[in-house]
Amino acid sequence: MENKIETDALEQFSAEMDKVKGVLPSRINAEPKSVEKGLAKLVLTLIELIRKLLEKQAMRRMDGGTLSEEEIERMGETFIKLEKKMEELKKVFGLKDEELNIDLGPLGDLM
Amino acid sequence: MSVYNLPYRALGIVVSDIAGEKVRATEKRVLEHERVNERLMESWTVLPCRFNTLFKDKERLLVAVGGRYAELQTDLNRLQGKREYGLKVLWPGKAIREKIEENCTEKNKGACPVSGNSSGKRFMQRLYRRYRIDKAFSAEAARQIEYIDGFFTDCVVTKKLEKLRTENLLLSAYYLVKKEKEEELKAAFARLRSRAKGFKCLLSGPWPPYNFIQNAGLLG
């Protein structure tokens, strides 16, 4: 069999690839408490996704100069409230920032 | 576990029989599955199936293959004589981002399109600064990827590029290469390594064409 890998930094690549989710699916935990937390995680992940999309859209509009100062101020206030509410909800369900993600398998992580 | 060929018209379907309904996915078994694909690749064009692609019996398998025979033949004809190589490139992502942040602070103090001290505006200013940094970081990554990919343009049939799977993993590339061009690819990789200072590069392969099968949905 041919030699398959050519590099002088194998350990560095190995460490970096550990950060990338594996292909083999993880087991689903169907314990009742986990189901509730799992559902909260799913819902909060989707809210976080929408929040980030809205922020990105706002930034693009700011870049393009299509937002008035008043609109920027209102959006900022709304995003502050959203951020605070998300922090509260994460505390309630014992979730960390890095847990709010969904593994889409071959497509990688949602966020 | 032994494997054997199940011929179907002009195709060979390499299978093994299992007891029970499923095989537990362990590292050892997945690697064995991979080794079979690689061994076959030495002599034939392979369309690899995912680990745990299972059928209740041979008859059902043959019906499934028969139903997609034309698509499978198309894939095999397209991939004949070609193998896949993987390229990964690490760059100092954190240091590059820090440099961009420094430039953003010094040169672009007036660049934010909103001024003011209210809480909403300050939040948006912070968000905008982060957005500008992310945008510059992404643009720098795209520029470097274009430079790196340029080394391989002449020796690949087609490619798939993934940018920034992590902050430090600049590029994960998958190249489909004709067998007669493989030495050229390896020479291009050697040139890249000698010129891309500050980056770490990894070339792997040859592999079966996992990322270039268009009709992968047939068998799971």
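## A walk through chains A and B

Start by selecting chain A and reading along its sequence: the pattern is β-α-α-α. That comes to 3 helices and 1 strand, where helices (H or I, at least four residues) and strands (E, at least two) are DSSP runs, numbered from the N terminus. This is a predicted model, in which local features need pLDDT of at least 70, side-chain atom pairs count only at pLDDT 80 or more, and totals for chains, interfaces and linings use all residues. Residues are numbered from 1 along each chain as its sequence is written, chains are lettered from A in the order in which they are written, and side-chain values use heavy atoms, with hydrogens and water left out.

Next, move to chain B and select residues 58–67, helix H2, and residues 69–79, helix H3. Their axes (lines fitted to C-alpha atoms, for helices over the stretch in contact) come within 4 Å and cross at roughly 70°. H2(B) is therefore roughly perpendicular to H3(B), a label for angles of 65 to 115 degrees between N-to-C directions.

Zoom in on where these helices meet. Val65(B), Gly66(B) and Gly67(B) of H2(B) touch Tyr69(B), Glu71(B) and Leu72(B) of H3(B); contact means heavy atoms within 4.5 Å.

Now show both chains together. Which chain B residues lose the most area to chain A? Select Phe123(B), Met124(B) and Tyr131(B): together they make up 18% of what the chain B side buries. Between them, the two chains bury about 3,300 Å², meaning accessible area (1.4 Å probe) lost on being put together, summed over both. The contact takes 43 residues from chain B and 33 residues from chain A.

Terms used: Axes are lines fitted to C-alpha atoms, for helices over the stretch in contact, and angles run from 0 to 180 degrees between N-to-C directions. Angles under 35 degrees count as roughly parallel, over 145 as roughly antiparallel, 65 to 115 as roughly perpendicular and the rest as oblique.
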